[in-house]
Amino acid sequence: MRVCSVVGARPQFVKAFPVSRRLRADHEEVLIHTGQHYDESLSGVFFEELDIPEPEYNLGVGSGDHAPQTAEMMRLIDEVIEAESPDAVLVYGDTNSTLAAALVAAKRDPVLAHVEAGLRSGKWSMPEEVNRVLTDHCSDLLLTPGENAAETLRADGIRGDVVVTGDVMYDAVLAVRDRVLDGDTALPIPGLHPGEYALATVHRASNTDDPGRLAGILDGLTAVDAPVVLPLHPRTENALREHGLYDRAAAEIRLVDPVGYVEFLQLLANASKVATDSGGVQKEAFYLDTPCVTLRDETEWVETVESGWNVLVGSDPERISRALFDRSELPPKPELYGGGNAADLTVAAIETTLSDAADD
């Protein structure tokens with residue numbers, strides 16, 4: 001079978017690499033990079049570090065407002081689908097790249113498969129929520145990380161086939177875990193010691209574009225009586241400067257350049273806790289046994305909260321600092337999101353869907 005896989009943002013490169021590896025063992029894959037993340041530190045390094053094949057197409061769309069960015073992606077993706085005539089189009093997650101490819105595929109012949117289907121935050125004001133819901137309703141094959149997401153899709157009356165595969169990000173973590181947990185490898189940031197620092201990531205527009213929320217998060221992080229390391233996303237750096245918060249952040253938090261995937265997981269695995277607004281980091285923290293403090297009022301990964309390994313604190317400084325200071329013993333960690341074979345199950349589900357379609 002011939003599959004066009006569409007990626008465009010940092011988390012999607014992580015999700016795609018175990019699936020691409022499995023696809024290319026037996027089938028033909030055409031990798032399309034929309035260029036939604038175009039900074040070398042946010043995209044290019046991932047292809048090298050994870051041994052992801054170079055994309056057959058790099059559309060170079062870049063950043064922009066939602067409507068023109070999505071429209072340009074649709075125009076260019078449509079040209080690729082026309083030229084390549086794939087049997088299936090595979091999309092990941094909830095970015096504008098995801099929605100653009102989904103809308104194109106839905107109006108053409110290929111089967112549309114959505115990895116990470118069925119996730120919901122319940123917050124329609126989030127662009128990601130709009131993208132994931134619309135993509136789910138366009139898709140022929142919905143591949144979910146767990147049973148909760150599958151139940152959500154069934155309740156929504158989704159027309160496509162729902163298959164629980166587990167989380168492909170768990171596959172990715174397992175693929176590099178030996179490198180991440182190698183005790184002989186020094187941490188990528190000099191002067192840090194395992195268990196003696198907290199890690200933070202802040203990048204969501206709902207946090208960076210709101211000066212009150214960003215200031216509250218900064219207040220919470222700086223109240224922690226331990227070093228806090230923050231790999232600085234370009235959007236966050238621009239927001240800190242625009243809101244007059246950069247000098248304070250630089251004085252009280254250890255701001256560092258974005259790091260590669262393996263280096264980030266090393267920092268995450270050795271941190272006492274992580275404070276983040278990233279959905280992917282919430283799961284990676286869970287897989288690496290690092291307690292998570294989520295800088296949002298909701299999460300798609302509700303199972304991590306219900307298990308006691310993640311706590312939602314929003315942008316409230318007191319809740320942030322209290323959660324980061326908390327050293328209570330954690331409950332036993334359940335097995336969530338499959339057993340690390342999601343890529344195999346993803347490819348098998350696409351094979352079955354195409355076979356069934358051929359028989360009809």
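To start, how many positive and negative side chains does the chain have, and how far apart do the centres of the two sets lie? Then please look closely at strand S8: which way do Ala198, Leu199, Ala200 and Thr201 point?

Modeller: Happy to. There are 29 positive and 62 negative side chains, and the centres of the two sets lie 3 Å apart. Here Lys and Arg count as positive and Asp and Glu as negative, with His and the chain ends not counted; each charge is placed at NZ of Lys, CZ of Arg, CG of Asp or CD of Glu.

A word on the basis: this is a predicted model, in which local features need pLDDT of at least 70 and side-chain atom pairs count only at pLDDT 80 or more, while totals for chains, interfaces and linings use all residues. Residues are numbered from 1 along each chain as its sequence is written, and side-chain values use heavy atoms, leaving out hydrogens and water.

Now to your strand. S8 covers residues 198-201; helices (H or I, at least four residues) and strands (E, at least two) are DSSP runs, numbered from the N terminus. In a regular strand, side chains alternate between the two faces of the sheet. In S8, Ala198 and Ala200 point one way, and Leu199 and Thr201 the other way.

S8 has parallel partners in strand S9 (residues 228-231), through two bridges, and in strand S11 (residues 273-276), through four bridges. Strands pair if DSSP finds at least two bridges between them. Leu199 takes part in both pairings: Val229 stands opposite Leu199 in S9, and Val274 is the bridge partner of Leu199 in S11.

Helix H12 (residues 261-270) has eight of its 10 residues buried, so it is largely enclosed by the rest of the structure. Among those buried are Tyr261, Phe264 and Leu268.

Zooming out, the chain holds 16 helices and 13 strands, and 57% of its 360 residues count as buried. The C-alpha trace spans about 65 × 45 × 40 Å along its principal axes.

Methods:
Buried < 20%, exposed > 50% of the residue type's maximum accessible area, 1.4 Å probe, protein only.
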